[in-house]
Amino acid sequence: MLDDTQDTGARTNTTHHAGAGAYPSGIQGDGVHDNTHPPYPRDGALGTTTRDAGARTSGADADVRAAGGLDPAGAIVAQANEAPTAERPVEGVVQVLSPRQVPLGGLRALEVRRTLPHRDRSFVGAWCFVDHYGPERGVGMDVPPHPHTGLQTVSWLFEGAIEHHDSGGAHAVVRPGEVNLMTSGHGIVHSEVSTPGTETLHGVQLWVALPDVTRDGDRAFEHHAPECVPLPSGQGSALVFIGELRGVAGSPIVTHTPLLGAELRLDAGARVTLDVDEGFEHGILVDTGTVTLDGARLERGDLGCVDEGRATLTLDVGDEPARVILLGGTPFEEEIVMWWNFIGRSHDEIVALREQWETHSERFGEVVGYEGKTVGDLVAHLLDQDVRVLVDVRLTPLSRKPGLSKTKLAAALRAAGIEY
Ligand code: MN
């Protein structure tokens, strides 16, 4: 749903130039996700600098929050010029990604909190896109048919309901506590519209990068309603929607790389230790409450990430009950190019995908059953394309990053004059 948006996470070589000198050398070269060229804004309200509002946050976390922090001219905003702080755990090896706010368009835009892709991290396993939104009342969702390639979308709601149609013939209503996974394969089109009865939207929208060996495969759509099962500690429960959480539950959803996805409902004051796969990277996204992940405090909307090599994750819950999304997967070692709704492997491939979409290639198929925006809306939507984005820049790949590795962090801290 929330993916036909402004913030593509695509990187351009201009971001590297803009970044020169703006960061301590240890992190300068990581590039910044350029969310500044919305190729398909949803309506005329878009195309302004307000999209990358996350870049305008200030404070000690600015270096983290500033992912996507480019103004339309490609210059890094001032706040991003701050040195990394030493406040984040170093030895704890928890990388805390704070979200940036991304309005999704329209006069009553639904604003999402985006933590992946992030300047400091591209993946948790093959999870490559994490949007968290709501609870928001009175905001509808109407995402007209738009394409995808090379990925799976995973929709998980806490409240509300969304009607889905895709060119693979799937028609489904996405409901809270039920996972809906769409595999684009070689190409797909889908639409998403909140149901008339939906008063509040609240959930997450996630993408999984497909590996090269299967990314040109068939379209697919899977649905699963996991049972809510107690955690072994008795201090909470879990809905495992993808993969297996050891000793808790598993999901029949088919994945193309080893993955884990689960909603955890945790009691106030609980200490919960989860047995996890040592070969996985993991992320904890906080929906409600506050939790401490292996010693690192996570606020609402934060994504706390740990690299592989952990056999357990320990969550300490604050004074209120907490709800979190646990993500995991084996490190995704391939480089991808993510632009708008496409995932490919090169700039030229993305250019070709865009061309194919604009010329109504059969690659994507047709959605039947979408009854959302008017024809006029759709025409305006298409006319708003920003053609420059693929003329003026070359997209560079996202690759797996080890997070705030000790080497990188040490270099950054040294460059900032902080003893480490
Ligand atoms: Mn989509």
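User: Which residues does isoleucine 336 touch, not counting residues up to four places away in sequence?

Analyst: Contact means heavy atoms within 4.5 Å. With residues up to four places away in sequence not counted, isoleucine 336 touches Phe123, Cys128, Ala209, Ile343, Gly344, Arg345, Pro397 and Leu398.

User: What kind of model is this?

Analyst: Residues are numbered from 1 along each chain as its sequence is written, and side-chain values use heavy atoms, with hydrogens and water left out. Local features need pLDDT of at least 70, side-chain atom pairs count only at pLDDT 80 or more, totals for chains, interfaces and linings use all residues, and the model itself is predicted.

User: Which residues touch the most other members of the largest nonpolar core?

Analyst: A nonpolar core is a set of buried Ala, Val, Leu, Ile, Met, Phe, Trp, Tyr and Cys residues joined through side-chain atoms within 4.5 Å. Buried means under 20% relative accessible area, exposed over 50%, and partly exposed in between (1.4 Å probe, protein chains only). The largest core holds 35 residues, and those that touch the most other members are Trp127, Val154 and Ile336.

User: Which strand gives the most to this core?

Analyst: Helices (H or I, at least four residues) and strands (E, at least two) are DSSP runs, numbered from the N terminus. The elements that give two or more residues include strand S5 (127-137), strand S7 (151-159) and strand S12 (200-209). With five residues, the one that gives the most is S12.

User: How many residues are in another core that lies apart from it?

Analyst: In soluble globular proteins, nonpolar side chains tend to be buried together. Val229, Val248, Leu274 and Leu315 are among the members of another core, apart from the largest one. Its size is 30 residues.

User: How many of the residues in the protein chain are buried, as a percentage?

Analyst: The chain forms seven helices and 28 strands. Its accessible surface (Shrake-Rupley method, 1.4 Å probe; for residues, only the protein chains shown count as cover) comes to about 15300 Å², 50% of it from carbon and sulfur atoms. Of the 420 residues, the buried share is 59%.

User: Which strands stand at the edges of the open sheet of four?

Analyst: The sheet has the order S19-S24-S21-S22, with antiparallel pairing. Two strands pair if DSSP finds at least two bridges between them. Each edge strand has a single partner, so one side is left without a neighbour in the sheet; the two are S19 (271-275) and S22 (296-298).

User: What is the average twist from one strand to the next in this sheet?

Analyst: Axes are lines fitted to C-alpha atoms, for helices over the stretch in contact, and angles run from 0 to 180 degrees between N-to-C directions. From one strand to the next, the twist averages 25 degrees.

User: Which residue in S22 stands opposite valine 291?

Analyst: S21 covers residues 291-293, and three bridges join it to S22. The two run antiparallel. Opposite valine 291 stands leucine 298.

User: What is the phi of aspartate 294?

Analyst: Aspartate 294 sits in the loop between S21 and S22. It is partly exposed, at 23% relative accessibility. Although aspartate 294 is not a glycine, its phi is positive, at about 45 degrees.

User: Is histidine 360 buried or exposed?

Analyst: Histidine 360 lies in the loop between helix H4 (347-358) and helix H5 (375-383). Its phi is positive, about 60 degrees, although it is not a glycine. With a relative accessible area of 67%, histidine 360 is exposed.

User: Why do the rings of tryptophan 357 and phenylalanine 364 get their pair type, and which is it?

Analyst: Rings of Phe, Tyr and Trp (its six-membered ring) pair if their centres lie within 6.5 Å; planes under 30 degrees apart count as stacked, over 60 as edge-to-face and the rest as tilted. The whole structure has nine aromatic pairs. In this one, the centres are 5.5 Å apart and the planes stand at 90 degrees, so the pair is edge-to-face.

User: Which residues does glycine 309 touch, not counting residues up to four places away in sequence?

Analyst: Glycine 309 lies in the loop between S23 and strand S24 (312-317). It is partly exposed, with a relative accessible area of 46%. With residues up to four places away in sequence not counted, glycine 309 touches Glu278 and Phe280.

User: Which residue does a cis peptide bond join to glycine 134?

Analyst: The omega of this bond is about 5 degrees.
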